[in-house]
Amino acid sequence: MSSEKVKNQKQSLLPEHGPMDENGREILLSLKNVDITFGKGDNAVRAVKNASFDIYKGETFSLVGESGSGKTTIGRAVIRVNPCAAGEIQYKGVPISGRIPRRLDREVIRNIQMVFQDPAASLNERATVDYIISEGLYNFHLYTDEADRVAKVENMIEQVGLLPEHLTRYPHEFSGGQRQRIGLARAMVMEPELVVADEPISALDVSIRAQVLNLLKKFQQEQGTTYLFIAHDLSIVRFISDRIAVIYKGDIVEIATAEELFDFPLHPYTHSLISAIPIPDPQLEKNKELFTYDPSVHDYSEDKPELTCIGHDHYVFGNKKEIEEYKAIREKNVPLKSVTIRQSGEVAAEETEAEASNEPILDAPVHDTGSFWYKLLSFILPLVGIIASFIFRSHRYYRNYKACMKGAIAGLLTFGAIVALFGLLLLLTII
């Protein structure tokens with residue numbers, strides 16, 4: 001215990017540079033066999049399983065997977081919100097998971113910032129934009145005087161495309177895209193080395209998405225910022241990422257450079273994600289065959305899988321038999337076809353069945369609602385209601401037909417009863 005304490009005391013400061021890999025790249029962040037578990041005992045959920053990867057300084061490393069796969073869980077573990085049940089997270093070669101000295105914790109907070117997915121929930125509604133962006137500057141005193149702080153905040157708000165007069169406003173006065181820019185300004189004013197971007201564009205309009213992505217690239221070029229970009233859309237991360245990791249139900253199933261991953265999607269889950277990317281051409285999209293991932297194709301009962309490098313800086317999750325197959329496919333060096341387009345003459349089986357069924361209910365008009373007003377009008381004017389009901393029936397407005405018929409019958413019975421009662425009263429008067 002004493003030796004561990006001494007070790008932590010020695011590592012109370014971050015080094016200027018991280019360790020180098022065999023290719024001379026500086027490793028900024030490293031996850032080593034990280035497990036993240038929520039709950040205890042029988043209710044424990046293992047959200048992330050044995051995750052291992054490195055992020056190099058100055059690159060954009062994307063983490064891609066479907067909802068609930070563990071992407072955000074890893075991102076929150078990096079900023080020390082989610083504790084690791086096993087394994088270790090290192091920043092510049094220094095362990096930052098678990099208990100660390102307070103001085104090192106402040107260094108980590110200063111150097112690692114996060115841009116959250118929800119731009120509304122991540123901003124303090126009671127604080128002005130000026131205070132929101134300045135909060136990190138206040139906490140770490142990253143300014144010489146008040147004029148320097150104001151200059152830094154105004155410069156940053158202009159860099160993200162807003163105006164200095166916006167600083168006196170509150171978050172609820174802005175649109176979603178503008179709030180996301182404020183969140184980005186709050187993170188970037190700290191001049192961090194690593195930014196965890198947790199789906200920063202998923203809640204934004206398409207035009208605003210491009211602007212936010214351009215801002216991220218701009219900061220990377222000017223400040224050398226490194227990004228852990230979390231997303232579920234491969235079509236976006238393809239064009240902004242240096243390397244991509246694919247995660248499925250807590251397991252990292254494939255890691256490769258962007259071009260390598262799209263040319264050689266070896267794991268079936270990666271194949272299914274790429275096949276789901278929409279094609280801009282409506283006709284091609286209509287004829288596209290989706291590839292659906294089926295986990296039952298793997299037999300891990302005896303030969304357990306692990307993340308293995310198959311060459312070309314390409315890692316794939318699989319057992320020994322699968323890894324050999326992946327290596328054989330990759331050594332052929334022939335790009336894999338991830339998307340299959342049916343020929344124009346071919347018709348999918350489900351489309352043929354849909355056309356053959358031709359059920360009347362599918363052809364019913366949209367406005368066949370059976371509204372209450374049809375009943376009321378038919379009740380007041382029974383003869384008109386009967387005529388309308390037959391017209392509706394001939395045009396397959398079945399709900400409107402029933403509403404008019406019910407109202408007309410009720411109206412005829414009511415008026416018939418009134419006439420009979422009036423006639424009876426008239427007869428009694430004469431007698």
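This note goes through the sheet, the pockets, the cavity and the cysteines of the structure above.

1. **Basis.** The model is predicted: local features need pLDDT of at least 70, side-chain atom pairs count only at pLDDT 80 or more, and totals for chains, interfaces and linings use all residues. Residues are numbered from 1 along each chain as its sequence is written, and side-chain values use heavy atoms, with hydrogens and water left out.

2. **The sheet.** An open sheet is built from 8 strands. Their order is E6-E7-E8-E3-E9-E10-E13-E12, and the pairing is mixed. Strands here (E, at least two residues) and helices (H or I, at least four residues) are DSSP runs, numbered from the N terminus. Two strands pair if DSSP finds at least two bridges between them. The edges are strand E6 (112-115) and strand E12 (306-309); each has a single partner strand, so one side of each lacks a neighbour in the sheet. From one strand to the next, the twist averages 20°. Axes for such angles are lines fitted to C-alpha atoms, for helices over the stretch in contact, and angles run from 0 to 180 degrees between N-to-C directions.

3. **Strand E3.** Which strands flank E3 in the sheet order? E8 and E9 do. Strand E3 (residues 60-64) pairs with strand E9 (residues 243-248) in the parallel sense, over 4 bridges. E3 also pairs with E8 in the parallel sense, over 5 bridges. Ser62 takes part on both sides: Ile244 stands opposite in E9, and Phe229 is the bridge partner of Ser62 in E8.

4. **Burial of E3.** Of the 5 residues of E3, 5 are buried, so the strand is largely enclosed by the rest of the structure. Buried means under 20% relative accessible area, exposed means over 50%, and partly exposed lies in between (1.4 Å probe, protein chains only). In a regular strand the side chains alternate between the two faces of the sheet. In E3, Thr60, Ser62 and Val64 point one way, while Phe61 and Leu63 point the other way; all are buried.

5. **Strand E10.** E10 is mostly covered, with 6 of its 7 residues buried. E9 and E10 pair in the antiparallel sense over 6 bridges, and Tyr248 stands opposite Asp251 in E10. The two strands form a hairpin with 2 residues between them. Lys249, in the turn, has a positive phi of about 50°. E10 also pairs with E13 in the antiparallel sense, over 2 bridges. There Ile255 stands opposite Tyr315 in E13.

6. **Largest pocket.** Its volume is about 560 Å³. A pocket is an open set of points on a 1 Å grid over the protein atoms alone, with protein on both sides within 12 Å along at least five of seven lines; lining residues have an atom within 4 Å of a point. Grid points are joined across faces, edges and corners, and a volume is the space filled by probe spheres set on the points. The lining has 26 residues, and Ser52, Phe53, Ile255, Leu307 and Tyr315 lie nearest the centre. Strand E1 (27-38), strand E2 (45-56), strand E10 (251-257), E12 and strand E13 (315-318) each give two or more residues. E2 has the largest share, 8 residues. By class, the lining holds 12 nonpolar, 4 polar and 10 charged residues. Ala, Val, Leu, Ile, Met, Phe, Trp, Tyr, Cys and Pro count as nonpolar, Asp, Glu, Lys and Arg as charged, and the others, Gly among them, as polar.

7. **Second largest pocket.** This pocket holds about 390 Å³ of space. Among its 17 lining residues, Ile109, Gln113, Met114, Phe116 and Arg186 lie nearest the centre. H4 gives the most, with 6 residues. The classes are 12 nonpolar, 3 polar and 2 charged.

8. **Cavity.** The whole structure has 1 cavity of 30 Å³ or more. A cavity is a set of grid points where a 1.4 Å probe fits but cannot get out. Thr60, Leu213, Leu216, Lys217, Gln220, Tyr227, Phe229 and Ile240 form the lining. Helix H7 (206-223) and strand E8 (226-231) each give two or more residues to it, and H7 gives the most, with 4 residues.

9. **Cysteines.** The disulfide count is 0, where a disulfide is a pair of cysteine sulfur atoms within 2.5 Å. Cys84 counts as partly exposed because its relative accessibility is 21%. Cys404, at 2%, counts as buried.
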